[in-house]
Amino acid sequence: MLHLASQSLRRRELLSRLGVPFGVLDLEIPEQRAPGEPAEEYVRRVAREKAGAGLLEVMTVPGAVVLGGDTEVVLDDEVFGKPRDEADAAAMLRRLSGRTHRVISAVSLVSADREAQAVSTSEVTFAELDDAAIERYVASGEAMGRAGAYAIQGTAQTFISHLSGSYSGVMGLPLYETACLLQEFGLRPGGDKGGVSRPAGQHA
């Protein structure tokens, strides 16, 4: 059975679109970039650590497969995580205004005897944002809890003048790459009706 090691509701929603039933492992994994660590390697590492920690939780479940993912906004090799507060969110959006940044989304799939990973990198160009637009967006609450202080599936779509890459990857889980990994593990997307099921002992 597939298990998603993530606290992200968006990642759960995206994974459910692939039609593979899965359980949820609500783990909290530290996300701290090491000094000198390349941005992509950092995202890859966090995804692997989430998947590995999840696998430890379900090792006794026959045929368990765990998916871990991480998505980060990167500008000038600086990783923009989730904003600490509204002031931090506004500062991030001012930095992104009028510029093109990368969104790196890594997916790791692990089982007791194998591991595989895929990475999607997208380029997102923001229009010039004035202070009033930034203030309105931050006040809406949508910026909080999102890497880079924006949600592409929300009203921040109006900020984006160009996207090259994966919309779902920017949202939090690149569906094409994830579907390919699932097939490698014998989990065929689009089979049974998708949805979230919780293994014994797991709670919302």
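## A tour of the helices

Begin by selecting helix α2 (residues 39-57), where Ala39, Tyr42, Val43, Arg45, Val46, Ala47, Lys50, Ala51, Gly54 and Leu55 are buried, a word that here means under 20% relative accessible area with a 1.4 Å probe, protein chains only. This is a predicted model, in which local features need pLDDT of at least 70, side-chain atom pairs count only at pLDDT 80 or more, and totals for chains, interfaces and linings use all residues. Residues are numbered from 1 along each chain as its sequence is written, and side-chain values use heavy atoms, with hydrogens and water left out.

Helices here are DSSP runs (H or I, at least four residues), as strands are (E, at least two), numbered from the N terminus. At 1.5 Å a residue, the 19 residues of α2 should span 27 Å, which agrees with the 28 Å between its end C-alpha atoms; the expected span is 1.5 Å times one less than the number of residues.

Next, select α3 (residues 86-96) together with α4 (residues 131-139), which pack at an angle of about 135° with their axes 10 Å apart. Axes are lines fitted to C-alpha atoms, for helices over the stretch in contact, and angles run from 0 to 180 degrees between N-to-C directions. To see the contact (heavy atoms within 4.5 Å), show Glu86, Ala89, Ala90, Leu93 and Arg94 of α3 with Asp131, Ile134, Tyr137 and Val138 of α4.

Finally, move to α6 (residues 175-184), whose buried residues are Leu175, Glu177, Thr178, Ala179, Leu181 and Leu182. Their cover includes β1 (2-5), α1 (9-16), β3 (65-75), β5 (100-110), β6 (115-126) and α5 (167-171). After α6 comes Gly186, with a positive phi near 80°.

Technical notes
Buried < 20%, exposed > 50% of the residue type's maximum accessible area, 1.4 Å probe, protein only.
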